[in-house]
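Please open the structure in the viewer and keep the selection tool at hand.

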Amino acid sequence: MDMKKIEKKWQTYWEKDKTNHFNLKNVDKKYYCLEMFSYPSASKLHLGHWYNYGPTDSFVRYKKMKGFEVFQPMGFDAFGLPAENFAIKTGIHPKDSTDKNIENMEQTLREMGAMFDWDAEIKTCNEDYYKWTQWLFLKLYEKGLAYRKEAPVNWCPSCKTVLANEQVVNGECERCKSTVVKKDLTQWFFKITEYAEELLQGLNTLDWPEKTKLMQKNWIGKSTGGEIEFTAESGDKFKVFTTRADTLFGVSYVVLAPEHPLVAKLTSKAQKKAVEEYVFETSKANEIDRLSTTREKTGVYIGHNAINPINGKSVPIFVADYVLYSYGTGAVMGVPSHDERDFAFAQKYNLPITRVIKGVNCDDTLPFTEDGLVINSLGFDGMTSEEARKAIINKLVVDGKAEHKTNYRLRDWLVSRQRYWGAPIPVIHCEKCGAVPVPYKDLPVKLPYDVEFTPDGESPLAKHEGFMNVKCPICGAPARRDPDTLDTFVCSSWYYLRYPDAKNDSEPFNPEIINKVLPVDKYVGGAEHACMHLLYARFITKALRDMGYLKFDEPFKSLVHQGVILGPDGQRMSKSKGNVIAPDPYVQQYGSDVLRLYLMFGFSYSEGGPWNDDGIKAITKFLDKIERLADKIISLPVNKQNIMEKAEKNLLFATNYAIKAVDRDMEAFSFNTAVARLMELLNALSKYECTCANPTLFKDCFKTMLLLLAPCAPHFAEEIWEKLGGKPSIFNQKYPVCDESALVKDEIEYAIQINSKMKAKLMIPNGASNDDIKELLYADEKLSAEISGKDIKKLIVVPNRLVNIII
């Protein structure tokens, strides 16, 4: 079969027939399946795209045949840093390179033969999309969920520009290798922390991988304890949050984050140089490195002490990089006896270590980090840790030095980017009126084409006077636009809401439509997005719900992560490693159905694995065998005899077993086992072909196999279906339903044991009694020789499996 020819034929048919088109009139039967849209950073699909989109499309086709009105849109997450970096290197404008890449990727996606509804396509870099991204910003601003404050960024003093975390490699700028430092800039944030508790609790309602839900739980990081006020000897006060107030009597030092404003204020003259050098060195490290559990804990005494509020003792104040000013209060208490990190720190700087918790019936060698009984804590000795935590905080609350507190690790979402290729932030800055939101009627704030990209310390848009200069919407005075663009995660935080109403030019979406089509029933994409995109999308959904636009709480009901196809060497594919496998040569040689089927069969979908094309020819042979059988069926003479002997019953059993197994496996994204069951059914059909006493049954069972195969090899199945006289499209046919009665065999093969030793295999009628089984045992020539004349003490029958004769 000329696979390339039939692929083009059926893709043309599907497009003309609108087979892939979502009909809103059937929304009561809707099934919204969405793959995470791709970034058009390359002109062609790589194997990872194929692995995500191909098998998932098979799942969608399966759902269509199950009677659902499926909606599978496709678009492009088109803004982002790679296109801008490409422009800096080559001079090719980001819009030009992005549009060209999208055009090429659209073509290859169509050639895949997926059921994408191209009428719903979106491109986040187009004005008709980012106009509504800006609308979303303004809505969040109105609700107090968007605000501005100073925050540290990665700064390259040589390039004089802000760098994304991805551009900082081992503390150095990837462009010029200069040491990167931290610099404070005024930036925009979304108040995701407002929804921290709901984001945490909502995970319990989701059909998501447990690992992903755990990652989000840890990212949100809820902890319950108390916020305790320490007083510096200068009289300045600062608070520390702790979940272990029961260890407060064991505090031997406190730590301030290097960015904490009290560091500069409280540092003594003698320690000033050492502290300033330490703070500068810390500015070179990113937050992930600073929080690493394997990183050596370092710090510097600032030459000032603080008073422990529970016992009045003076303890030294250190500055240390493992404390972040952006998390909690930016200050922590050090209890070396009951914290491993603090223990190592105290040993390094020769600080006192005082036990205040004693273990109960366990090894309580220091550092002892478990709960126990409180000691060396005047007024609280003998209490359990749990009792003391409450009692100590309660005492300090009465003294006005503490409060009960719930903290979250989650921080507000920084959305400002000092970049060009993104959605402009729709805010105008006026000397008289301050930050003024752009009026809705003036959206979109268009991204100008003629922009200078060369990094020089300013946002690229800040250098475009035509863009920057504007009149204040309130007072009419000369004003300036915000020069920053939005984080591309903002674009992807709501795209699933745009798809069902993608052509709407008067609003981002029609709530009536969206509340019928959403939430997404099945979302498929990489696990690397667990704590960024997936969390942001959940936040935006809840915020829009509270504004009255949405009537659901979560955007994605069910989530599946595809695995990663590695290079043949077992490493992640990379151009630098020379192990990148392009799908195009396989598509050209074998056709897209063969590649799709091999990806489904050769890997466990959620795990992936190293690429190995040894088995791809076996897939070709599998389809060739099906085509040969189809030709045989077409040539069979008409025979209306309804013979139903053992061979026919076995074929019916194999067919219905396959229906049940493939149906189950497709639903569970267990594509490799689904294809394996199809291969088993093909073997059963081939075996029956030799006798073929009932051609009608043979043809019916073959058609059933073809219907089961159709989602996995769509072009091929359409062609064979048409050959057999079927009316296109095969995807308008109903998915086969298992006849459970056909799975009840007349006879079942049993393993026969004598005194637990295997002796033979015997066919026994279904439902046979023990007496019936004994008769069959004596009737068998081989077994009869072993048991004749002997007393059968016991006959152990394991239904449908074995008989054990005890003599």
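Select helix 20 (residues 616-635) together with helix 24 (residues 714-723); in this predicted model, their axes come within 10 Å and cross at roughly 10 degrees. Because angles under 35 degrees count as roughly parallel, helix 20 is described as roughly parallel to helix 24.

Next, display the side chains where the two helices meet. From helix 20, the residues are L623, I626, E627, A630, D631 and I634, and they meet F716, I720 and K723 of helix 24. Which kinds of residue make up the contact of helix 20 with helix 24? Six are nonpolar, three are charged and none is polar.

Now move to helix 5, residues 127-142. Colour the buried residues of helix 5: Y129, Y130, W132, T133, Q134, W135, L136, F137, L138, K139 and L140. Just after helix 5, select G144, which takes a positive phi of about 75 degrees.

The last stop is P437, located in strand 22 (residues 434-437). Is P437 buried, partly exposed or exposed? Its relative accessibility is 31%, and therefore P437 counts as partly exposed. Show the residues around P437: leaving aside neighbours within four places in sequence, P437 is in contact with L138, Y141, P426, V427 and P473. Of these contacts, select V427: P437 and V427 are 10 residues apart in sequence, while their C-alpha atoms are 4.5 Å apart in space.

Note on methods. Residues are numbered from 1 along each chain as its sequence is written. This is a predicted model: local features need pLDDT of at least 70, side-chain atom pairs count only at pLDDT 80 or more; totals for chains, interfaces and linings use all residues. Side-chain values use heavy atoms; hydrogens and water are left out. Helices (H or I, at least four residues) and strands (E, at least two) are DSSP runs, numbered from the N terminus. The expected span of a helix is 1.5 Å times one less than its number of residues. Buried means under 20% relative accessible area, exposed over 50%, partly exposed in between (1.4 Å probe, protein chains only). Axes are lines fitted to C-alpha atoms, for helices over the stretch in contact, and angles run from 0 to 180 degrees between N-to-C directions. Angles under 35 degrees count as roughly parallel, over 145 as roughly antiparallel, 65 to 115 as roughly perpendicular and the rest as oblique. Contact means heavy atoms within 4.5 Å. Ala, Val, Leu, Ile, Met, Phe, Trp, Tyr, Cys and Pro count as nonpolar, Asp, Glu, Lys and Arg as charged, and the others, Gly among them, as polar.
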